[in-house]
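This briefing sets out selected local features of the structure shown below.

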Amino acid sequence: MRLESRTAVSRIAPLYSGIGAILFTLAVSGLLIFWANADVLSAYKAIFEGALGSRFAITETLTRATPLILTGLAAAIAFRARLFNIGAEGQLYMGAIAAVAASTLMMNEANELALPAPMAFAAMIAAGAAAGAALLLIPTLLKTRFKVDEVVTTLLLNFIALLFVSLLLDGPLKDPAAMGWPQSPTLPSELEFSKLLDRARVHTGLLMAIGLAILLWFVIRFTRFGLAMRAVGANEQAARFAGVGVNFTLIKVALISGALAGLAGVGEVAGRTGYVTLDMSPGYGYSGIVIAMLAGLNPIGVVFAAVFVGGTIVGADAMSRAVNVPTYIADVIVATALLAVLVAGLLTRYRVVWRNPKVPGGSR
Amino acid sequence: MNALTLSHISKRFGELVANDDISLSLDKGEVLALLGENGAGKSTLMNILFGHYVADSGSISVFGDVLPPGDPRAAIARGLGMVHQHFTLADNLSVLDNVMLGTESITRMRTSRAEALARLRSLAERFGLQINADALVRSLAVGEKQRVEILKALYRGARILILDEPTSVLTPQEATQLFATLRQLVAEGLSIIFISHKLDEVLAISHRVAVLRSGKLVFEGPTQSATKSSLARAMIGRDVESSGESRADGRRAISEKPTLLIEKISAQGEDARISLHDVSLALRAGEIVAIAGVSGNGQSLLADVLFGVERPIAGHVQLNGEPVALNASAMVKAGVARVPEDRQHVGSVGDLSVWENAILPRVSDARFSNMGLLKSNAARGYTRELVSKFDVRLSSIEHPIRKLSGGNIQKLLLGRELSESPTLIVAAQPTWGLDVGAVSFIHEELSRAAARGAAVLLISEDLDEVFALADRIAVMSRGRLGKALPTGHWTLESLGLAMAGEPSEHAGADNHAA
């Protein structure tokens, strides 16, 4: 069995492959639901209604999607330049803790903001973005200087970042009012993202995330930096030959990617929880990678993929209450969807040949 | 009985005929030398022999039995063994482990190291290949690693050994030792195919010689009847005009001041065996100077230095009397047109669109961007102009450039450089692998650029091209550049000998071209 390149790719092939991927995902996940002794159709109905079936469901899905859009963008831009940032989880926590740290620095003795609120808000956002960017800058410099594999360093930095945050939560940034729990002080209400709707958790962080997605799409497509970044990602050697500053481009990409992941952390702490705990993110940083891949590294696609993943998680929660299938089915659905999309994309460009090879040819 | 018979082997890759009706035989106890330039079809033939490719027609028999096509395991089972130019050893394993690797069935629970060791020892003794079986391969010298490769093949029962450029990695002393080993192998009844382009070695070791050129077998005969110059001529081709008659005339507006002055450049390639030593050359406006040589002698490295992608250890480069920084963007800004050897992977970014590739080296230019924003309409207009002026055939400039044929990519890359009226053009293998039409188009453009007053440095392994275009030719061999002499001074023989590293009255004697 081997793959053979298709000579002509049909225009509507992506449509077929998309539908095929969805059907395949539903079928595989359906088998597991069936195995868990639940009615497949009603389980899917519960997931769908739990994700999109009511005002509450929709706002919850969008609340979930907010950090996922940002970590998805962080992965998408980095992967475009072939900078494999697996460290968005750590960058998210660093962004969140930096936002809280900045807020405590801006307080006076009376526990009031020492700065005008808009200025303090901007400073908090900048601190979070800078913290995420700084965390990714370390492995990127190691990569450009010493060719250290960034997959390993960014992945391992996640644990270092998490333990560092844990240290702060048990030390200088421990909330004395939290009765011993490792938890940071709560942000003053002036620094919180305002809610978009009454009686819902969805906040302005969503608008920020969507705005950044559009901005990123524009930058990638229409700017000199975007072209350099795509050139470096597609073929570093050719980019270097053309005179593109490869290392400088990678460093800029790292700063943007890390900042986006840091902003995801800011959004969570200032939009949802109000304080930092160690279980603030259920792996949003890692999910960002899945979302970026699902979206084909397209920033606009990331928004939709993040809503899909967020909706699946929220919907599966509702479904597990309704038909008693474990919520882990959400992970299965997301993972299967990713694999199905990747395979379907491959199949639009190649066909599988099962029999007798026509001889691997190629270069002389 | 013949050990190996190849009859009427033909293999095409698209338009290219890699092997054209090749028939060869190898006797028991014989060393057959297989000569040919790069791209002559040697590797294709060996790949067919080992079942990596299937020939379009023809058959192979080993010791009288027909070899099934496309089956590498059958080839090894019948007694074929290959020693590759680049070793295929695991550095972190011992010699014995490397030799045993892959010979034992994975369903067996126990390895019989003692047995294997005894067998390895007896082979080593019989063929005079001393080796410490417990030594880590990492710790061995290159010549010893090669011995391990030979032992590996023998351990697998090889009776026909194929050595691909075996001396290219060896010191002269190691080579002498290798030759002694080969003589002993042959005395023990093995047959050897020795692939090389070094004429001395071929004459020293082989019984018979076969020469391939452009996929055809152009010479076959006993080594005794061959001479160095007859082999060089066969390898390079008789039908090349060796005088300057075919060159485009009427340029020669050669000024005295050099456009490009390369002074004592030394560099070390990523491949440790390739380096440059004190390379100097002066290029004047309006002339085409060609650097000829067998691939792997440092020409690509020199090209990379001049392209600004490889930093030299020593030496410097002057452009129009001014020192120039050797980095890609500085070269572009200084008006150097650069045409790289690998147009698909170095010259262009395959996944970017045609127009993005057309502007990529000059994207910071005010024509193509403003305050960081691309002027995509201007860029598209510019690309359309290039496409029509340089006759690039394509359906849309929005498509990724990898969809274009090699010839069309090359025309676009040449166009994007030449349309900037460069003072210096550095072209590495500009017509490699292109069809006749594209080749003549590119030759014409280069001649015309020289006639307009550009200095052209042509780095090429294609001697037809070198003779057709160059005003002066210099030969590169083992990282040293010979003197650039007017084309009329060279004959095919003298050029071929210089390329093979033979000192002659023309080249190699003194190394410093002014």
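Helix α1 (residues 42-49) of chain B is largely enclosed by the rest of the structure, because 6 of its 8 residues are buried. This is a predicted model in which local features need pLDDT of at least 70 and side-chain atom pairs count only at pLDDT 80 or more, whereas totals for chains, interfaces and linings use all residues. Residues are numbered from 1 along each chain as its sequence is written, chains are lettered from A and ligands numbered from 1 in the order in which they are written, and side-chain values use heavy atoms, with hydrogens and water left out.

**Helix α1 of chain B**

- The buried residues of α1(B) are B:K42, B:T44, B:L45, B:M46, B:I48 and B:L49; buried means under 20% relative accessible area, exposed over 50% and partly exposed in between (1.4 Å probe, protein chains only).
- Helices (H or I, at least four residues) and strands (E, at least two) are DSSP runs, numbered from the N terminus.

**Packing of α7 and α8 in chain A**

- Helix α7 (residues 205-222) of chain A packs against helix α8 (residues 224-234) of chain A at an angle of about 75°, and their axes are 5 Å apart.
- α7(A) is therefore roughly perpendicular to α8(A); angles under 35 degrees count as roughly parallel, over 145 as roughly antiparallel, 65 to 115 as roughly perpendicular and the rest as oblique.
- Axes are lines fitted to C-alpha atoms, for helices over the stretch in contact, and angles run from 0 to 180 degrees between N-to-C directions.
- α7(A) contributes A:V219, A:I220, A:R221 and A:F222 to the contact, while α8(A) contributes A:R224, A:F225, A:G226, A:L227, A:M229 and A:R230 (contact means heavy atoms within 4.5 Å).
- By class, this contact of α7(A) with α8(A) has 6 nonpolar, 1 polar and 3 charged residues; Ala, Val, Leu, Ile, Met, Phe, Trp, Tyr, Cys and Pro count as nonpolar, Asp, Glu, Lys and Arg as charged, and the others, Gly among them, as polar.

**Loop residue A:Q183**

- A:Q183 lies in the loop between α6 (150-169) and α7 of chain A, and A:Q183 is buried, with a relative accessible area of 15%.
- Not counting residues up to four places away in sequence, A:Q183 touches A:L169, A:L173, A:K174, A:D175, A:A178, A:Y275, A:V276 and A:T277.

**Cavities**

- The whole structure contains 5 cavities of 30 Å³ or more; on a 1 Å grid over the protein atoms alone, a cavity is a set of points where a 1.4 Å probe fits but cannot get out, a pocket is an open set with protein on both sides within 12 Å along at least five of seven lines, and lining residues have an atom within 4 Å of a point.
- The largest cavity holds about 90 Å³ of space, and α5 (142-155) and α6 (172-187) of chain B are the elements that give two or more residues to its lining.
- The lining of the largest cavity comprises 4 nonpolar, 4 polar and 2 charged residues.
- The second largest cavity has a volume of about 50 Å³, and α8(B) supplies the largest share of its lining, 3 residues.

**Second largest pocket**

- The second largest pocket has a volume of about 2100 Å³ (the space filled by probe spheres set on grid points joined across faces, edges and corners).
- Of its 45 lining residues, A:R80, A:G296, A:R349, B:D351 and B:R402 are the closest to the centre of the second largest pocket.
- α13(A) gives the most to the lining of the second largest pocket, with 7 residues.
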